[in-house]
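Have the model open while you read.

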Amino acid sequence: MSAEAGVDYVGISRNLDFAPGVNMQTFRVTILDDLGQPVLEGPEKFELVLRMPMNAVLGEPSKTTIFINDTVSDLPKVQFKEPLYTVNEKDGQLVAIIYRSGDVNHKSTVRCYTRQSSAQVMMDYEERPNTDDSIVVFLPGEIEMPCVVILEDDAIYEEEEEFRLVLGTPKSTSTFGASIGEQKETLVKIKDEEDKPVIKFSESKYNIQEPQEAGEIAVVKIPVLRLGDSSKVSIVRIHTKDGSAVSGEDYNPMSEDIEFKEGEKEHFVEVEVLYDGVREMREAFTVHLKPDENMVAETQMNKAIVYIEEMDSVADVTFPAVPQVVSLLLYDDTAKSKGNPQPPTGYPVVCVTACNPKYSDYDKTGSICAAENINDTLTLYRWLVSAPSSSDGVTSPMRDVDSNTFFTSTKSIALDSIYFQAGSRIQCAARAVNANGDVGLELLSLIHTVNKEEGLCQPRIQGTVGAEPFSAKIRYTGPNDPDYPNLIKLTVTMPHMDGMLPVISTRPLTNFELTLSPDGTRVGNHKCSNLLDYNEIQTNYGFIIENTKNPEVIGETSPYQYSSTVRSAKTLRFYRNLNLEACLWEFNSYYDMSELLTDCSGSIGTDGQVLNLVQSYVTLRVPLYVSYVFHSPAAVGGWQHFDLQSELRLTFVYDTAILWRDGIGSPPESELQGSLYPTSMQLNDEGRLVVYFRTEIRFRGQFVMSHPGTSLSSVVMSADHPGLTFTLSLSQSEQTFHQPMQQWKFISDYAPPGNLSPLILDIRFQQVSDPVAAEFTLNTQMFLLSKKNLWLSDGSMGFGEGTDVAFTEGSEIYGRVMVDPVQNLGDSFMCTIEKVFLCTGADGYVPKYNPDNKEYGCLADSSSLLYRFKILDKAQPDTQAKVFGNMAFHAKLAVDHVDGYPLVKQPGSDGFSILSTPLFQVAAGREWYIHAIYMVRSRENAHKGLGKRSIEYHHALSSANGIPGDAHVRRMRRAISDSPALAEDIGVDKNRGTNIQHIALDRSNKITINQKDFSPPNKAYEKPVLEITGNDVEDKLIPIVGGAAGLLLLICTVLIIVFLLKRKGQSTAGKADSPINSSSSNETVTTQHSNGSEV
């Protein structure tokens, strides 16, 4: 045989024993693979032979042949080593490695050819055709060979392009040839970073000497460079901006466009510097580069600082020693800073000159300062800061801090803590000024490194920002607030960390260099923000007030915390909102509704407004933008920021007037009954009162303005002021005598002279904030969705507009509870819904869950609830409410839903569904709320303690064991209203959470009988017709013949109704005699009666 034992397989010789009743035995033969050094041998074979039977005879076949085929595993195989190559155009060539495996003892060849995509042949690379000219040869023993593609390098900038390299036609000198592996193609991406057009200043700093005589002008020439592709036209604007140098006094301002034509690489900008005749220290202004108008080139290094130096302007006065940089914490004992020269983060540093009484060696330098007549109160300061050193110890250059903000200055004795962070290097420069005001020489302090270990408010996780997000609240103060009645309070709380500047606004925050600057642009752009000082606020109140100290803080928690001699008043007003002991910012402001809408980008929305509304909902939405801002000497504009966004919602719920619900009815003794419903009231441009109302009658006929059979006419009168007259008119009327609805309007004939006095109406508000506090939701979110595919999705990208929907009658409501994806808990938690309740409030009440205020949402009976149902109970499904009236809820948990399996298997999510039809049985304006209880546990604890039985189960047992049903219900109602057991099981320690969602209903598509055909007010009245629907396809219109037939029909109908009611009363009386024994829980269905009628 061709296969060799010990080389290709392991030979065997063994006995096979067949016990009684056994008719089959198996055995193994080991095949040896030459995987380490594969050699292609082709098909080989050996035989297995049976011999020497005992107590048996050999049958046929007694031998078998085994074939070993290595033409697949050991066949030479070639493929690309990498699936993707990225190369720069300037590299000139691409080298893609082809890897060969299998038997490499033979010569192999393969074609490596190109296929173009966005990169074009001859323009971007040289083609490798699918011919033998593109063959790559592997000699015996070689396993890697390059496939080289030549790239075309030009001066034209191109976006990222790509092409493919493909392997084909493999060959080998072996008998069985060669093959191509799975990686037979590779993608090549060509980048063109070198040719990317960039416009920038040549340097970031320029110096020029100020002219020495009046009338002279010095010119600073600033080169503006264009790098990369210059084949297109670019236009950029250059302008100057004041720093310590003032335009018109120290230099001539400039703002002009620079056009780079084709091929142009450089332009020069000239700025004229003036002689001002004032002896002063170095001044500076900045030159800025705006983006390319043609959006061709990118702008980099778009800011340059120009320093104006003065000759012979310095008086012969200087400090006797270099200044010291100390933390404000040690300002009273600067000698301690010598032992600990690294100031902590999070608190200002002070530049202490040798003439400052706080100086550590002032006993030696004070006399010299007096002799030199130096006035330390006039000292000029500037600060230099560098970014923290890198991990390899490389330090950044010291840079002037010139980013003044609306509440800090970089030219004062103290440098605010927002300008440095742990590891930053700080240096101060102080220039002496004598009593005559002459400025002397400038001295620099030693460079100090900020302590990396010591700080006042260090982040919980080092190197992270925003790990603890902010909290925002909106609240209506109400009329009884002693200081801010009937206003809306905004409160933003955010954790503080050393070096952080918190910025909040109701408008998007961009360009922090301009937003934080003292310039007035922020005043117009951010009217409702903490960027405005108290004297810049255009609304009645703002986040920053005039007080410089928090009255709730007694004394100073840190030295000089509220010192106006070291820190400016505007700085103290801003830091008044920081509780340094708790490391917490809290900003409060008060606005009226008009300010929130006009100045704060707020918006008003209404939910479910209909003509006969019982309750009205008005939702105020206020956008909120919060940024954690940090100073960075190396960042563009000098600031780094981390931005967050939210929206505050405040819903006012109020009952409409009783007239809108019950109307003005006819006296009970009247022969003809009807109701009048006012719909709106206003004053027109002439100051006349205009009232719109509608009428609904309970007899056959119509209201008319006048009738030929009588001299009477319809009028509006004022009982208190009979002299007032009004003009009444009919606006619209249904063309039917069958209880038509009619629209009317009357206008007063009298308009008061002079200015109109406002009409003030008191409105009773109930504020609706978050229905469930975050401590009870367990970091979960609850959504109500109308689309099943959204319900079943993973939810990682949110649900978008799918959560802001109104449900039509007959639609299915999909509820979903999921662990907050922002928490990024992954697969570590499981969420399981246990119970779902449904309720609607009485008299405009909105259910909330706040056990401290004895508010339990839909979980417990309350006089504030009109209806309450328990529609789902996972532990005890027999206690669920199935129907409302004669409409079934069809409520199901996701695990019981026919399509719910994809949701059930998702970690941290669970759901339910319910039919919307029963919810439409209440009057328009009643709002429904759904309240869920769920379990949130870590995956390893998900199956512990699941045997706990529902409390409703025990109620049901006690009822079934002989307690009368109504007495049982009353006892449960009292117990639950005091402290429901369900609420006691909710909380973090119980791993149970709860949440409430409002169900918005869309009644516009509700099926109604359409017989409203209004006639225009100026059209002659036509006799109406009655519309009757039969089995025919076409409707038949029957004219009204007269009143006699109608009267006869009415009498017959009344007699039939009286007869039916009499029989129903007898039946009800008979049923009342039988005892009632119900085992359902009181939590299942509860109806609370109110004065309003429901349909």
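The largest nonpolar core in this predicted model has 77 residues, and Trp383 and Leu516 are the ones with the most contacts inside it. Which strand gives the most to this core? That's β35, spanning residues 615-631, which puts in 8 residues. There's also a second, separate core of 34 residues, with Leu893, Leu919, Ala932 and Leu1001 among its members.

| Core | Size | Residues included |
|---|---|---|
| Largest nonpolar core | 77 residues | Trp383, Leu516 |
| Second, separate core | 34 residues | Leu893, Leu919, Ala932, Leu1001 |

Now for the sheet. It's an open one, built from 4 antiparallel strands in the order β43-β45-β53-β52. At the edges sit β43 (780-785) and β52 (892-893), each pairing on one side only. For β52, the partner is β53 (residues 909-915); the two run antiparallel and are joined by 2 bridges. Across that pairing, Lys892 stands opposite Ser913 in β53.

On to the glutamate. Glu834 belongs to strand β46, which covers residues 829-841. Is Glu834 buried or exposed? Its relative accessible area is 17%, so Glu834 counts as buried, the cut-off being under 20%. The side chain of Glu834 also makes a polar contact, at 2.8 Å, with the side chain of Arg992. Leaving aside residues up to four places away in sequence, Glu834 touches Leu872, Asp873 and Lys874, then Ile933, Tyr934 and Met935, plus Arg992.

Notes
Residues are numbered from 1 along each chain as its sequence is written. This is a predicted model: local features need pLDDT of at least 70, side-chain atom pairs count only at pLDDT 80 or more; totals for chains, interfaces and linings use all residues. Side-chain values use heavy atoms; hydrogens and water are left out. Two strands pair if DSSP finds at least two bridges between them. Buried means under 20% relative accessible area, exposed over 50%, partly exposed in between (1.4 Å probe, protein chains only). A polar contact is a pair of N or O atoms within 3.5 Å; within protein, one must be able to donate a hydrogen and the other to accept it, and residues adjacent in sequence count only if both atoms are side-chain atoms. Contact means heavy atoms within 4.5 Å. A nonpolar core is a set of buried Ala, Val, Leu, Ile, Met, Phe, Trp, Tyr and Cys residues joined through side-chain atoms within 4.5 Å.
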